[in-house]
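Open the model in your viewer and keep the selection tool ready. The stops below go from one selection to the next.

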Amino acid sequence: MDTPALLVQTAGQPTKYMTVYFARGRAPLISTEGKQILLNEVKAKVRVQLSGSSVVIPPRQVTKRGVFAAYNYLVLVFHNQEQFVWLNADDSLPENESSSGTPQAR
């Protein structure tokens, strides 16, 4: 499945990088705060260096497994460090997320 191209307006962002996650995940559990998500699997990940007022994320190929949607979360993370690793609130890493670098998100 090809994802659509994304145009992200970044004007006013005081950060240097943006990482886009196309991921499979689930809603928060009783033990987590309602605003937190749990990413089970990273289907595609794109990191771009920000310069200017917008950035275009080109279409990506995301594989579908079984009858489920290829991804159900699109997460945009703005950050200053070059390497970024998603860490779930329960301290787990999603499948296909590299553990190299310092985990940042919770």
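Select Lys45, which is partly exposed with a relative accessible area of 31%. In this predicted model, its side chain meets that of Glu97 in a salt bridge, 3.2 Å from N to O. Lys45 is in strand E3 and Glu97 in the loop between strand E6 (85-86) and strand E7 (103-105), so the pair ties together parts 52 residues apart in sequence. Glu97 counts as buried, because its relative accessibility is 7% and the cut-off for buried is under 20%.

Next, select Arg47 and Glu82, whose side chains also form a salt bridge (3.7 Å, N to O). Arg47 belongs to strand E3 and Glu82 to the loop between E5 and E6, so this pair ties together parts 35 residues apart in sequence. Arg47 is partly exposed at 37% relative accessibility, and Glu82 is partly exposed at 44%.

His79 sits in strand E5 (residues 73-79) and is buried, at 3% relative accessibility.

From Met18, go to the largest nonpolar core, which has 14 residues; Met18, Val20, Phe22, Val48 and Ile57 have the most contacts inside it. Strands E1, E2, E3 and E4 each supply at least two of its residues. Select Ile57 to find Leu6, Met18, Val20, Val46 and Val48 among the residues it touches.

Last, select Tyr21, Leu39, Val42 and Trp86, which are included in a second, separate core of nine residues.

Methods: Residues numbered from 1 in each chain as written. Predicted model: local features only at pLDDT ≥ 70, side-chain atom pairs only at ≥ 80, totals over all residues. Heavy atoms only, no water. Helix = DSSP H or I, 4+ residues; strand = E, 2+ residues; numbered from the N terminus. Buried < 20%, exposed > 50% of the residue type's maximum accessible area, 1.4 Å probe, protein only. Core = buried A, V, L, I, M, F, W, Y, C linked by side-chain atoms within 4.5 Å. Contact = heavy atoms within 4.5 Å. Salt bridge = Lys/Arg side-chain N within 4 Å of Asp/Glu carboxyl O. Lists of a residue's contacts leave out its neighbours within four places in sequence.
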